[in-house]
Amino acid sequence: MRRLALSVLALICFILPVRTSAQSPVAQTPPMGWNSWNYFSGKVTDKDIRDSADQIVSNGMKDAGYIYVNIDDTWQGKRDANGVLQANEKFPDMKALADYVHSKGLKIGIYSSPGPKTCAGYEGSLGHEEQDAKMYAEWGIDYLKYDLCSFIPAVMQKQAPDDKAAQMHLMIAAYDKMSKALKATGRPIVLSLCQYGWDAVWEWAPALGGNLWRTTGDIQANWNSIYTILSQQEGLQKYAGPNGPNGGHWNDPDMLEVGNGKLSRAENRSHFSLWAMLSAPLLAGNDLPHMKPEINAILTNRDVIALDQDPLGKQADRVYSEGEVDVWKKQLSGGAVAIAILNAGSDRQSTHPFHLDTKKLGLRGTVKGKDLWTGKEIEIKDNMPIELNGRDILLVRIDKSK
Ligand code: GLA
């Protein structure tokens, strides 16, 4: 008994210092916020970030859960004689900008690359990882997107020209290095890996402290891109969830294009619904000061956001497809489920509606649910006909009957 007590004590003494020195976990649910790239790309300025932060507060997005305001590529200037990276003329004072975003009750994110240059050709972090991480922490940065880009030719292909495996080891080591540098600052910082899904990133990113990782190449504001990326998420469910080494760990099918380009209302709604089903990070990427009310309503639909932010953190599965109709199911906490029926095609003739097979969804008999886009109750029956416009979606939450 005494020996047992001593061993328990020893175990506690061993665990405690590790626990107390570790940072509080971040991103226990998929991160929500806004990122500058999809709309502003290389033109983003300090003013755009401040304006976007103001809008997030005034348009209801903050209350709906959008917290991170993330500066993507093109903020960087040159390094000074001590190697300290300066922001460029578009960003006169990064610390003041971070303070401003924080003063709104929001968090701020930044962007860099493990290579010498970022994707847009600005200064990367190669050889300055600790220095940059320290500077981010001093500025009060809460989130880092770390984008592979020039690391591929400058390091991977140069150091291991004909050895793919060695190249991948170099890549993993580069992400590990930045993760350790961020940890060493003592500030909880979300780590977002951006290397387009190479080398089954979902298998190794959580262990090195990654909170999210891009699973594909870049998204674009058109249906083809959105649907292609959606189809590439199958099989990745088991890698997403809360409670990893650095908090939550999520597959990232890339930032939202809701409200961008020429996406129709149905396409915007489907895109948002499906990203929520996927437990994807919800990072809006549109022009917030000029957002139409219909886009605001999509981005702040609390019922849809609740699917994404469900504490169970289970990513949806595509249960079956029939022609151009896909049926997805997401397990939620408390025994609830969400089902999404997507007409991925551009049209559907009313003479041959889709009939839902509830057995495939594991539903028994007739069940009542909530249509999350109309807000109305809906009865789900086996073999029921479902008529959907092109690229539109029926999204239903079914709570466990008491
Ligand atoms: C890559 C990333 C994008 C964006 C740009 C910036 O293409 O995948 O999300 O960050 O770089 O240059």
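1. Start with Asp73: a polar atom of its side chain sits 2.7 Å from an oxygen atom of the ligand. That counts as a polar contact (a pair of N or O atoms within 3.5 Å; inside the protein, one must be able to donate a hydrogen and the other to accept it, and residues adjacent in sequence count only if both atoms are side-chain atoms). On its own the ligand would expose 310 Å², and the protein buries 92% of that (areas by the Shrake-Rupley method with a 1.4 Å probe; for residues, only the protein chains shown count as cover).

2. Before going on, keep in mind that this is a predicted model: local features need pLDDT of at least 70, side-chain atom pairs count only at pLDDT 80 or more, and totals for chains, interfaces and linings use all residues. Residues are numbered from 1 along each chain as its sequence is written, and side-chain values use heavy atoms, with hydrogens and water left out.

3. Who else is around the ligand? There are 13 residues surrounding it, and the closest are Asp72, Asp73, Lys145, Asp147 and Asp218 (a residue is near if one of its heavy atoms lies within 4 Å). Sorted by class, this shell holds 7 nonpolar and 6 charged residues, and no polar ones (nonpolar: Ala, Val, Leu, Ile, Met, Phe, Trp, Tyr, Cys and Pro; charged: Asp, Glu, Lys and Arg; polar: the others, Gly among them).

4. Now look at Asp254, in the loop between β10 (247-252) and α11 (265-277) (helices are DSSP runs of H or I with at least four residues, strands runs of E with at least two, numbered from the N terminus). Is Asp254 buried or exposed? Asp254 is buried, with a relative accessible area of 3% (buried is under 20%, exposed over 50%, partly exposed in between, with a 1.4 Å probe and protein chains only). A polar atom of the Asp254 side chain lies 2.8 Å from the backbone nitrogen of Ile219.

5. Finally, helix α7 (residues 151-159) has Phe151, Ile152, Val155 and Met156 as its buried residues. Viewed down the axis of α7, they fall within an arc of 120°, so they line one face of the helix (the arc is that of the directions from the helix axis to the C-beta atoms). These buried residues pack against α8 (164-184) (contact means heavy atoms within 4.5 Å).
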